[in-house]
Structure formats: structure tokens, C-alpha cells
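I opened this entry to write down what I looked up, one topic at a time.

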Amino acid sequence: MDSLRGKKILFGVTGSIAAFKAAGWVHSLVKEEAGVSVIMTWAATRFVSELTFSALSGNTVYTDMFADDPEQAMAHITLAQEADIVLVAPATAHTIARLALGMADDLLSTSVLAASGKPVVICPAMNSRMYEHKATQDNLLRLKELDYIIVEPDSGRLACGDEGPGRLPDWAGVREILLECMSSHDLEGQHVLITAGPTREPLDPVRYLSNRSSGKMGYALARTAKRRGAQVTLISGPVCLEPPEGVKVISVTTAEEMYKEVMQNRDNASVIIKAAAVADFRPDQYEFHKIKKQAAELSVNLVKNDDILAELGRSRKEGQFIVGFAAESRDLEEEGKRKLLAKNADLVVVNDISKTESGFDVDTNQVTIISQDGTIHLPLMSKEKTADQIWDNVLFRLEME
Ligand code: CTP
């Protein structure tokens, strides 16, 4: 799953100053075309008005268990039944305590109970001493026992001036948790090793040889695999991307470092995907001092880097599934087939770098998946959707083995 579009989120807001941040989260969900129904506790309405949440969600905001309005009267049952997922953010110490006890004394706590069997994500936000108090920590443990998903608060300066844990985390990480809760966990049990990004081959302290890879495709593969339940190790060259939530990231710079880390981490990987654009050559000599421009000409001698994918294919561990990538500007299928055989890979994913929408540093891709038994042309789509389709393909083949 690559988007929350069309999903129904039951969003509980409780009485913390962080309620204003929850308004931004509702806005982001609606922008992504998710359906949002908001329940506010009485205390939450003291921080942010119902009008803010109804304007942002485009829906009635529910606050009262005993409303006269027939539409609101059975809200706790209908909202819980309709929801794909429940998100409580910010969750105060008080609400956490009530949920831990299974109380049903207001619309939010009643709705959470009525949502039994659906994923419930709780984002605690409060003063750090309240958060660290044994009572709150015990209640959070109890919520975990009840299979609620607890999102660790961020640490930092709090609205009250104290420093410590208790801040609502960024939306991106919480969104990732919602996607993971609603994705099928069909990669559970798989340990996947992914490489991403370019490598940099230094020439002197200032300069290096590299390429235009952004790492976006490899990171999308890592994110989607984690969502689908895999244990993920990502070996990444230098990129400007946020590390995916819940993924072990190993940062490298050169092709030689990438080679070393891949070889050290490959043994227990069931699937290896080499999405990195590894530099084929490196300067044969590193100049420790900056090269000066006095000379009229400068030649740099390049030596070949080891081919990591070819080595993985040559010495593959039993049962290991290996996927290579190929960035091509012509003869796409021929080149893909050549690399599949030459590097002993199970699949090669080819993308046409001559097109802007499947080239470098864009969020879309159009790839062709090549294997021994055929070729699949995928349409132009987001890199996350492409990643999901690659995983579908890998999974299909793993299940056939
Ligand atoms: N690759 C690798 N180590 C290298 C070079 C490439 O592991 N030193 C991997 C890439 O990660 C990718 C695949 O090999 O999965 C194909 O890379 P690509 O650059 O398209 O092909 P090359 O092998 O470099 O061949 P060519 O230069 O002929 O295109």
C-alpha cells in the first residue's frame, strides 16, 4: 500500500496543547483523500475549537455521547464500524489511563472499545515527567498488551518549557505507521538487503566522481518492504532522503565501502536488491592535498571497481533471491537480459533513463522486469507503487520455489 487514499480514519483528539498539531495531521490526511471523522474529548475542545476540525475534515466533529441529534446518538458504534483504523493524537495521560482500564465513559473511549479488532494507534503527548511517571508507563504497557500501537513521543523543548520526551512526532513517521498497519504483511519472515543511491569516488579532499542517482527507488523499496513486514537492511550511498522508519540504515560513500558492507550483511538475507548506482570506476590515486590548477591539462587514471552484484550472483547463498537494476538509455531489454545472465541474478529491473519521468531524481518510474522466463512491462507510476509491484513479483517467485 502506497497511500492512505480512500481509507477511513477515526481520529481521536484529546486535551493537550499538541491538539493544534493534530489539526495539521487532519489536513494532510484530507489532502491525501483519506476520509477523516474526528472525535474530540471535552478537554480537547478547550484547546482547539470543533469548528477547526470540522472545517479541515469536511465532516461533523463528534464530542457528545448523549447528543440529542439522532445522527450523533449511535456515533460510537457507527464511527467504529466504518473506520479502517483509529488514531488517537495527541493522547493525554488521562485518556491513556482510561483506555488502559477499558473505560467507556465518553465518546472517544467508548468508540475505541467498539473498534475492537481494528488497528488503534496512540500518540502520547504530555509533559515529560507525566510521560515518564510509572503510572503512565504501566498504562502504556497495558495498552501494548491490548495490541494497541504506541508511537514514541519525540524529545525536545515542550510547551511548558521543560525538556524531554512528550512532543508529538512528525506526521511522516506516523503516516508510515498507519500505512504499515493497513498493509498486508506478506513479506513477514523475509530479511531483505537493499542498496540505494550513488557512490562517490574521491579524487582529492574537495572533488569526487559520482552519478545522478537520488536513491529514491531504493528507499521506496526499503519503505514498502518494511510496511509489508520484512526485516530490512538498507546500505545507502550519499543521498538527501530521510531514513525509512524501522529500517536499519548503513551509510557508505565509496563503491569499495558498499562492497564491504554488502558482503558483511548478505549471509542471512533471503532477498537482495541492488538498486544502487555503483560507480564503475574510481581514480587510481587519491591526492591528499587539493589538486591545483597550474597545469594546463590534467589526466586522471581510473581503475575498475569490483562488481558487487556479479559477486553476489557468483557466490550466492542457498535459497537467496537476487535482484539487479539496470539504468539504460537504449536497447533496454537486450541490456537487461545480458546483465541478468552475466551477473546470475533472478530478476533485473530496467529503467529508461532517457525519459524525464523515469530518469533521475523524480518520484515516478516506468520499469521493465526481466527474468529467465519472460519480461513484464510496468506502466508509469510512483516509485512506491513500482516498488510494491517489484515486491509482488519477488514474492510470487519465492512462493513458486
Ligand atoms: N552493480 C554493482 N557493482 C558495480 C556496478 C554495478 O553491484 N560495480 C550493480 C548495480 O547495483 C545494478 C547492476 O549492477 O544492480 C547493473 O548496474 P549498471 O550500472 O546498470 O550496469 P553495469 O554492470 O555497470 O554495466 P554497464 O556499464 O555495461 O551498463
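**Around the ligand**

I started with R338, where a polar side-chain atom lies 3.3 Å from an oxygen atom of the ligand. The model is a predicted one, and I keep that in mind for each entry.

I then looked for backbone partners. A polar backbone atom of K274 is 2.7 Å from an oxygen atom of the ligand. At I308, a polar backbone atom is 3.0 Å from a nitrogen atom of the ligand. I noted the area as well: the ligand taken alone exposes 580 Å², and the protein buries 79% of that.

Next I asked how many residues surround the ligand. There are 15, and the closest are K274, A276, L309, F325 and K343. I sorted this shell by class and got 7 nonpolar, 1 polar and 7 charged residues.

I also looked up the space that the ligand takes, and this space is the largest pocket. Helix 13 (308-314), strand 17 (321-328) and helix 14 (332-342) are the elements that give two or more residues to the shell around the ligand. Which of the elements gives the most to the shell? I found that strand 17 does, with 4 residues.

As a reminder to myself, strands of a sheet pair through backbone hydrogen bonds, either parallel or antiparallel.

I checked one pairing in detail. Strand 1 (residues 8-13) and strand 4 (residues 85-91) run parallel and are joined by 4 bridges. I looked up I9, and its bridge partner in strand 4 is I85.

**Backbone angles**

I wrote down the general rule before the exceptions. Most residues other than glycine have a negative phi, and most peptide bonds are trans.

Is the peptide bond from A89 to P90 cis or trans? I read it as cis, with omega near -10°. P90 has its place in strand 4, the strand that 4 bridges join to strand 1.

I then looked up positive phi values. E33 is a residue other than glycine, yet its phi is positive, near 70°. I found E33 in the loop between helix 1 (19-31) and strand 2 (35-40). N344 is not a glycine either, and its phi is positive at about 55°. Where is N344 found? I placed N344 in the loop between helix 14 and strand 18 (347-352). Helix 14 was already in my ligand notes, as one of the elements that give two or more residues to the shell.

Terms used:
Residues numbered from 1 in each chain as written. Predicted model: local features only at pLDDT ≥ 70, side-chain atom pairs only at ≥ 80, totals over all residues. Heavy atoms only, no water. Near = heavy atom within 4 Å. Polar contact = N/O pair within 3.5 Å; in protein donor to acceptor, adjacent residues only side chain to side chain. Areas by Shrake-Rupley, 256 points an atom, 1.4 Å probe, with all protein chains shown as cover. 1 Å grid on protein atoms, 1.4 Å probe; cavity = no way out; pocket = protein on both sides within 12 Å on 5 of 7 lines; lining within 4 Å. Sits in = over half its atoms within 2 Å of the grid points. Nonpolar A, V, L, I, M, F, W, Y, C, P; charged D, E, K, R; others polar. Pairing = 2+ DSSP bridges.
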